[in-house]
Amino acid sequence: MKFQIEDVTVYFPYDHIYPEQYSYMLELKRALDARGHCLLEMPTGTGKTIALLSLITSYTLSKPQNPLKLIYCTRTVHEMEKTLAELKLLHDYQLQHLGPQASILAIGLSSRKNLCVNSRVLAKENRDSVDAACRKLTASWVRALAAENPNVPTCEFFEEYERATSTAVLPPGVYTLQDLRAFGKEKGWCPYFLARHMVQFANVVVYSYQYLLDPKVAGIISKEMQKESVVVFDEAHNIDNVCIEALSVSVRRQTLEGARRNLNKMRQEIDRFKATDAGRLRAEYNRLVDGLAQRGNLPASDGWLANPALPDDILKEAVPGNIRRAEHFLHVLRRLVQYLEGRLETENVEKEGPVGFVASINTHAGIDQKTLKFCYDRLHSLMMTLEITDTDEFLHVQTICDFATLVGTYARGFSIIIEPFDERMPHIPDPVLQLSCHDASLAIRPVFERFQSVVITSGTLSPIDLYPRLLNFNPVVSRSFTMSLTRDCICPMVLTRGSDQLPVSTKFDMRSDLGVVRNYGRLLLEMVSVVPDGIVCFFVSYSYMDGIVNSWNETGILKEIMQHKLVFIETQDVVETTLALDNYRKACDCGRGAVFFSVARGKVAEGIDFDRHYGRLVIMFGVPFQYTLSKILLARLEYLRDTFQIKEGDFLTFDALRQAAQCVGRVIRSKADYGMMIFADKRYSRHDKRSKLPGWILSHLRDAHLNLSTDMALHIAREFLRKMAQPYDKAGSSGRKTLLSQEDLEKMGDLNVDQMLF
């Protein structure tokens, strides 16, 4: 269908549209018109992706004089593929209506591991070794050698791509990762470098958060992107954590030992070059006097990670004299490694700010702040000069230089925390020195400043007013949408006590109480006998899940549960978990029914959908607070309190409840779906906790369901399932339509949609 939103003709590839999708598009268009940033919370399963894609591409088509580029960021490769599949459908529809003028180039970009087609490189097991294997075949000096000596191995795909030079382009179309690989094989070109080259010309680019938020990666991949771009962060409820991880570094003993090995190897290389090719080292020295910016543009195959700190003005300065010579630079790094080794030999937990830490390095190791700031770029330059291709072996020394540059650049928003052992295992010495970033706005600020509009959207962004404070920006539109439903297909309940009226909670002083463990087991046992197909249970941590499953096993509850349904458990091993999920789905498909035990904040809670019969009930055992004694968390809370005036309790509650909402939101993936959510903890009945859940869950949470015991919850579950088994009208009655056709949209003005929604 196609319809007008103010001055834009929107092409939408389906015959009907949900009212909330229409309102979502309205708000999104207002943000694009205002050239500002926006925060939009939209319930899961209401077609957020297609609404975003169709509005932004239609907006560009209606304003051809200043086309907008869409940069769509997802968390996982699976989500990237889903987004590109939706875009394919939309693009075909637009081509049908508009012909060739609607053609666009849309590509997904991922790591070499997901795009490489060279079988020798792909044989490597992890991402870093695939990258290194690729460099061994494509670095400019390797290719120069191969030109003289045909026995030197190179990558035929990269050579073909280089030979094609300016003719190596992708024709317009929408390319998933699989399409890129197929196209590369057919033409004999390298899909990874082709995609990297085409990113700057594409109308739509879909890639991972890191490519924009991690300055080391963004400096290479995203520096060409024009200002007239709309950046979308999808499923962005955890965006503050992604920003913080991008600028945090941890150093262990293994890191320092590895860095020593790396430095010895580099020392040998320098000596070899001195004997054979001293001119190369001299040329590098002269280049560093002029400053790093004069390095010119490196060939794409040589480009390596960019500087982890953001300011460009560093690159214009000359590199400090004491690290211009290669052997002097290695001496500086040795002193730094020695200093860090000394700091790890501590008995107590130490916490320090970057300014004090830099002063201490200067006193004890004689390395000043400016030298630290240049470490990363100086290392990059040296690795180029020494023609090092096996970058995966040099990860340790990169970590040390990454750490040095961040410490030397930022004076605020960080702290250095040294812990002699993990508090949960105090008898095992495992000292770690962590540079932890507390200010999420540092990594995302350049994105807000550089691009015209940034859209942050997810199914769980409540309370929505906290995000602008955490990320330090002013959205022009900030809105939370509810779900328009013909029947109440979501049934949230708060369970505060067991059938024996004892309160249940995972509070630290209550969680090991046998009464609580027994009541949780009884709740699950009663539910498996009533609810058909799949049930998903989320626990607050792996250790708690292990403990409680053990107790259930000893008391025989687990055996009784197994008589009704099979039990599968998420572990920290990705392969095991994938296998468990596969078998869980098989058990649900064949009618045996299954229960899946999972952990909040785990992989399953973040990315796996339990739609239809795979999830008819989800139970959240407890409130998933972070480990509150973690030194890093305490330092971050202190920073948030002092800088953004966010109280500790508010932030912890907000963080726990967005995780809980993320877990329970897994069961509803479309409007035809139905499912129950049980929040099993007495703390959910308190208004200050409950009110931080997303609006679309709260609007279905009745007062009568706020303080239930197991037997009452069982009764409500039976009633709900009986009601859901009745046939229903999918389009909604005349009073409240939940599916709008083109005629409906033409009949009503903008106001009516809002009236229908709220």
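This is a predicted model: local features need pLDDT of at least 70, side-chain atom pairs count only at pLDDT 80 or more; totals for chains, interfaces and linings use all residues.

Residues are numbered from 1 along each chain as its sequence is written, and side-chain values use heavy atoms, with hydrogens and water left out.

I begin with strand β19, residues 617-621. Strands here are DSSP E runs of at least two residues, and helices are H or I runs of at least four, numbered from the N terminus. Five of the five residues of β19 are buried, that is, under 20% relative accessible area with a 1.4 Å probe and protein chains only; exposed is over 50%, and partly exposed lies in between. Leu-617, Ile-619 and Phe-621 are buried on one side of β19, and Val-618 and Met-620 on the other.

Which strands pair with β19? Pairing requires at least two DSSP bridges between two strands. Strand β16, residues 534-539, is parallel to β19 over four bridges, and Val-536 stands opposite Val-618. Strand β20, residues 675-680, also runs parallel to β19, joined by five bridges; there, Met-676 is the bridge partner of Leu-617.

I turn now to an open sheet of four strands, ordered β9-β12-β11-β10 with antiparallel pairing. Because β9 (249-252) and β10 (350-352) stand at the edges with a single partner strand each, one side of each has no neighbour in the sheet. Neighbouring strands of this sheet are turned by 15° against each other on average, direction ignored. Axes are lines fitted to C-alpha atoms, for helices over the stretch in contact, and angles run from 0 to 180 degrees between N-to-C directions. Helix α17, residues 326-344, packs on the sheet and touches β9, β10, β11 and β12 (429-437), its direction making about 115° with that of β12. Contact means heavy atoms within 4.5 Å.

Finally, the cores. A nonpolar core is a set of buried Ala, Val, Leu, Ile, Met, Phe, Trp, Tyr and Cys residues joined through side-chain atoms within 4.5 Å. The largest has 173 residues, and Phe-3, Tyr-207, Phe-233 and Ile-456 have the most contacts inside it. Helix α17 contributes the largest share of this core, 10 residues. Apart from it lies another core, of 85 residues, including Cys-491 and Tyr-544.
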